[in-house]
Amino acid sequence: MHFLRRAGLRSGEAILVIGASGAVGGSLVQLAKLAGAQVTGVASTANLAFVAALGAAHVIDYTKRDFLRETTTYDVIADTVGAHSYTRCRHVLKKGGRLLAIAGGVPDLLAAAWAPIIGNHKVIAGPSPEPPEDVRELARLAEAGLIHAMIDRRYEFSQMAQAHAFVETRRKRGSVVVHVT
């Protein structure tokens with residue numbers, strides 16, 4: 001919610017979500033669709049149907065297609081996995097486009113300063129606060145059936161090492177839950 005709010009995502013805009021089958025990416029797909037955006041999700045072959053079911057109008061299989069080599073441009077690109085820098089993807093951003101460097105690092109923070117100057121774009125990076133009102137809004141949307149939690153696997157606390165090992169494969173769909181008693 002934080003990043004979409006900062007991007008000022010509007011109904012009808014085109015958004016590309018990199019890592020659309022993960023916990024953050026899957027949530028972004030749902031929230032962007034709810035906002036009326038045209039959502040394109042990037043995921044692996046095994047996750048294309050999953051991302052489409054979340055609400056993506058278009059899906060790109062990154063194992064077969066490279067969105068960087070295509071002519072389609074986007075108002076917003078949300079990189080939830082830290083896969084693409086501003087310099088790599090600025091040519092597929094529309095004029096005034098925004099890159100959400102959700103999993104970004106120092107280079108993305110620096111790009112936030114110079115992107116408006118060299119490319120007429122905005123890079124949005126940095127930590128995301130989780131204010132209570134956002135949590136309440138997400139709960140309201142879930143209770144209304146407008147968004148859904150995506151849980152891939154559940155582990156007991158004693159299986160924390162296995163849970164981490166699975167997450168580190170970068171092949172999870174949605175979230176991994178660890179049950180703490």
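## Burial and exposure

A residue is called buried when its relative accessible area is under 20%, exposed when that area is over 50%, and partly exposed in between. These classes are applied below to a predicted model. Glutamate 70 has 24% relative accessibility, and therefore it counts as partly exposed. Glutamate 13, by contrast, is counted as buried because its relative accessibility is 6%.

## Salt bridges

In the whole structure, a search finds eight salt bridges. One of the residues involved is glutamate 70, whose side chain meets that of arginine 65 in a salt bridge with an N to O distance of 2.7 Å. Arginine 65 is partly exposed, with a relative accessible area of 39%, and glutamate 70 is partly exposed as well, at 24%.

The side chains of glutamate 137 and arginine 140 also meet in a salt bridge, at 2.8 Å from N to O. Both residues lie in helix α6, which covers residues 132-143. They are three residues apart in this helix, which means that about one helical turn separates them. Glutamate 137 has a relative accessible area of 27% and is partly exposed; arginine 140 is likewise partly exposed, with a value of 42%.

## Buried aspartates without a salt bridge

Aspartate 61 is located in strand β3, which spans residues 58-61. The residue is buried yet has no salt bridge. The nearest side chain of opposite charge belongs to lysine 64 and is 4.1 Å away. A salt bridge requires the nitrogen and the carboxyl oxygen to be within 4 Å. The side chain of aspartate 61 does make a polar contact, at 2.4 Å, with the side chain of threonine 45. When neighbours within four places in sequence are left aside, aspartate 61 is in contact with Ala43, Ser44, Thr45 and Leu48.

Aspartate 79 is found in strand β4, residues 74-79. Aspartate 79 is also buried and has no salt bridge; arginine 170, the nearest side chain of opposite charge, is 7.0 Å away. Not counting residues up to four places away in sequence, aspartate 79 touches Ile18, His84, Leu100, Ala101, Ile102 and Ala103.

## Valine 59 in strand β3

Strand β3 also contains valine 59. This valine is partly exposed, with a relative accessible area of 28%. Valine 59 and alanine 49 are 10 residues apart in sequence, while their C-alpha atoms are 8.5 Å apart in space.

Residues up to four places away in sequence being excluded, valine 59 touches Gly41, Leu48, Val51, Ala52 and Arg65. One of these, Arg65, is the arginine that forms the salt bridge with glutamate 70. Another, Leu48, is also among the contacts of aspartate 61.

## Aromatic rings

The count of aromatic pairs comes to zero. An aromatic ring does, however, take part in an arrangement with a charged group: the charged end of arginine 153 sits over the ring of phenylalanine 166. The distance from this charged end to the centre of the ring is 3.7 Å.

Note on methods
Residues are numbered from 1 along each chain as its sequence is written. This is a predicted model: local features need pLDDT of at least 70, side-chain atom pairs count only at pLDDT 80 or more; totals for chains, interfaces and linings use all residues. Side-chain values use heavy atoms; hydrogens and water are left out. Buried means under 20% relative accessible area, exposed over 50%, partly exposed in between (1.4 Å probe, protein chains only). Helices (H or I, at least four residues) and strands (E, at least two) are DSSP runs, numbered from the N terminus. Rings of Phe, Tyr and Trp (its six-membered ring) pair if their centres lie within 6.5 Å; planes under 30 degrees apart count as stacked, over 60 as edge-to-face and the rest as tilted. A charge sits over a ring if NZ of Lys or CZ of Arg is within 6 Å of the ring centre and within 35 degrees of the ring normal. Lys and Arg count as positive and Asp and Glu as negative; His and the chain ends are not counted. A polar contact is a pair of N or O atoms within 3.5 Å; within protein, one must be able to donate a hydrogen and the other to accept it, and residues adjacent in sequence count only if both atoms are side-chain atoms. Contact means heavy atoms within 4.5 Å.
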